[in-house]
Amino acid sequence: MFAKEGYPFILVALVAFLIIFFLPKGLLTFLSLVILALFLWFFRDPERDIPPFDEIAVSAADGKVIDIAETEFEGRTYNKISVFMNVFNVHVNRMPVAGTITGIRHKPGSFIPADRPDAGERNEQNVIYVDTEYGPMIVKQIAGLVARRTVCYWNKGDKVSFGDRLGIIKFSSRVDLFLPKSFDIIVKNGDIVKAGETVIAKYNEKLDTDD
């Protein structure tokens, strides 16, 4: 399976390969095949083993955890987990916790490297607001140095299940997940995580207080 956004790229690479294939063989044939292979690899969309547990949050993205912090966003305090995706990671994002999409805001911005601390504020991004049984949650799809488009598959009012495909960011990027403070973070900086599969936080009823 491949993400639907990848099909135009894959088809262009395939057509280019077929055209070049019937021309004199050489470097162009090899390069076109390499490009096709890269598109097939980048836009892969594998199934994931969604954990069969309650009161957990899974990673929204494949990649490396680069920041964990308690932070304030739009007047509310969250536990933030940032995951950086390089060009070799799966770039389809997954829903960390079940909930209802209450808003999607596209924020124009720059395209500095996504692993820089200030990329979460400066770069172009989708800010996805979700109402969960544990309180408000926010997922930021952040563009990077190479990435130029963030895509959310859902619309305001949609109910999305735990582990569902949430969207995609094209060509290296980052996802910032803002969880309610009632979640205990169980990953650390440097950990490698998988979207929809790696448990990154657990709900703690003792911490469940209204802000």
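Predicted model: local features only at pLDDT ≥ 70, side-chain atom pairs only at ≥ 80, totals over all residues.
Residues are numbered from 1 along each chain as its sequence is written, and side-chain values use heavy atoms, with hydrogens and water left out.

**View 1. The salt bridge between Asp-62 and Arg-48.** The side chains of these residues meet at 2.8 Å, N to O, a salt bridge being a side-chain nitrogen of Lys or Arg within 4 Å of a carboxyl oxygen of Asp or Glu. The pair links distant parts of the chain, 14 residues apart, with Asp-62 in the loop between β1 (56–58) and β2 (63–73) and Arg-48 in the loop between α2 (27–42) and β1; helices (H or I, at least four residues) and strands (E, at least two) are DSSP runs, numbered from the N terminus. Both Asp-62 and Arg-48 are buried, where buried means under 20% relative accessible area, exposed over 50%, and partly exposed in between (1.4 Å probe, protein chains only).

**View 2. The salt bridge between Asp-118 and Arg-116.** The N to O distance in this pair is 3.1 Å. Asp-118 is partly exposed, its relative accessible area being 26%, and Arg-116 is likewise partly exposed, with a value of 34%.

**View 3. The salt bridge between Lys-188 and Asp-191.** The closest N and O atoms of the two residues lie 3.2 Å apart, and Lys-188 is exposed, with a relative accessible area of 54%.

**View 4. A network of Asp-45, Glu-47 and Arg-165.** Salt bridges that share partners join these residues into one network, and a search of the whole structure finds eleven salt bridges.
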